Amino acid sequence: MAGGIGSRFWPMSKESRPKQFIDILGTGETLIQQTFRRLSKICPKGNILIVTNKNYKQLCLEQLPKIKEENILCEPTMRNTAPCIAYAAFKIHSQNPEANMIVAPSDHLITNEDEFVKVVNKGMQTTNESDILLTIGIQPSRPDTGYGYIQFEQKSLKENPQINKVKTFTEKPNQELALQFLDSGDFLWNSGIFIWRTRTIIKSFRKHLRDMYDIFEDGNELYNTSKETEYINRMFPACKNISIDYGIMEKSDKVYVYPADFGWSDLGTWGSLYTHLDLDKNKNAIQGKNVMLYNSSENIVKVPDNKLVVMQGMNGYIVVENEETLLICKKEDEQQIKNFVEDVKKMS
């Protein structure tokens, strides 16, 4: 899934080039390139589909030269994750009704790729044997209020005792609730990575999002033909704007969670990025060759190498420059960045 605009990473991430197409960690690979390489350890490159906004098709082709053009599924408009997943599921199912499918966001960080591959392969083996919707849950390391949480029951799957039935989903709790979740021991972070057979998720769309199911079911004869794009351009905007979590996962009784720990972060905010960057002795994360800090600590500074930046007496700030835009914001207030972006749009 590569259609988001990553507004919380503004001004590095902009509508013209969202964060999945940026080397946000300074590794030499963009996030979508990392994701493509990671998934190619699990299935052939020819089996990897990218679902993205039509405006990002060229970026996908430039950054992923090994992908076939027909494997880039273009959404004519933004409609959240449920329509994105439905489109891919119906298209794959028309090619192979026995297909197993992994859904992965293109902009997440995973540091232990070997463990990720092991977990996904075990998960796919399980979904191949069981008619379930499997989500990967991450062992929480802190009471993070920026993540969704999954509560699981002590009811494991006989095919894989590590996998438990999901009891509840909670989206971005407050600090007090997040602490309770951490203490209870039966909550996991929601990674947004899913595994299921196409037939299972399509049945779930039929049951829980019937209007959306009907739209994609009506196009069954057109997938993988020259008429597919025209149909999607015409019908996709009629889909409800809803996430897979709200639309299906929170309603279905077939949802199970696989606890995992493979160095995951959704890199949703500058604060989440901060925990993955090298820090100086004053806990500043600096990307830029000409940055001078005095009496300053716990800042994130990301500026072009040719920019001289001098900071004094600043603690806990985000300072980012990109394309003549400068952001200075307290880390604790970073959830307001989305509001800043909206205000900037109004101003222009």
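Student: What covers the buried residues of helix α6?

Tutor: Their cover includes α3 (81-95), β3 (100-103), β5 (133-138), β8 (187-197), α7 (210-217) and α9 (244-249). Please note that the model is predicted.

Student: Which residues of α6 are called buried, and what makes them so?

Tutor: In α6, which spans residues 198-208, the buried residues are Thr198, Thr200, Ile201, Ile202, Ser204, Phe205 and His208. The term requires a relative accessible area under 20%, so each of these seven residues falls below that limit.

Student: Why is β8 called largely enclosed by the rest of the structure?

Tutor: The count settles the matter: eleven of the eleven residues of β8 are buried, and β8 is therefore described as largely enclosed.

Student: Which sense of pairing do β5 and β6 show with β8?

Tutor: β5 pairs with β8 in the antiparallel sense over four bridges, with Thr135 facing Phe194 of β8 as its bridge partner. β6 also pairs with β8 in the antiparallel sense, over three bridges; here Gln151 has Phe187 of β8 as its partner.

Student: How many residues lie between β6 and β7 in their hairpin?

Tutor: Two residues lie between β6 and β7 in the hairpin. Strand β6 covers residues 148-157 and β7 covers residues 160-171; the strands run antiparallel and are joined by seven bridges. Within this pair, Tyr149 stands opposite Thr170 of β7.

Student: What makes β7 and β9 count as a pair?

Tutor: Two bridges link β7 to β9 (residues 255-260), in the antiparallel sense. The criterion asks for at least two bridges, so the pair qualifies. Lys165 stands opposite Tyr256 in β9.

Student: Why is Asn295 called exposed?

Tutor: Its relative accessible area is 64%, and the term applies over 50%, so Asn295 is exposed. Asn295 sits in the loop between β12 (291-294) and β13 (300-302). Its phi is near 50 degrees, a positive value in a residue other than glycine.

Student: How do you know that Glu323 is exposed?

Tutor: Against the cut-off of over 50%, Glu323 has a relative accessible area of 57%, and therefore it is exposed. Glu323 lies in the loop between β15 (317-322) and β16 (325-330). Phi of Glu323 is near 50 degrees, which is positive in a residue other than glycine.

Student: What is the form of the peptide bond from Trp10 to Pro11?

Tutor: The bond from Trp10 to Pro11 is cis, with omega near 5 degrees. Pro11 belongs to the segment before α1 (31-39).

Student: How many helices and strands has the protein chain, and why is the chain called as compact as a globular protein of its length?

Tutor: The protein chain has eleven helices and 16 strands. Its radius of gyration is 21 Å, close to the 20 Å given by the globule rule for 348 residues, so the protein chain is as compact as a globular protein of that length. Along the principal axes, its C-alpha atoms fill a box of roughly 60 × 50 × 35 Å. Of its 348 residues, 53% count as buried.

Methods. Residues numbered from 1 in each chain as written. Predicted model: local features only at pLDDT ≥ 70, side-chain atom pairs only at ≥ 80, totals over all residues. Heavy atoms only, no water. Rg over C-alpha atoms; globule rule 2.2 N^0.38 Å. Buried < 20%, exposed > 50% of the residue type's maximum accessible area, 1.4 Å probe, protein only. Contact = heavy atoms within 4.5 Å.
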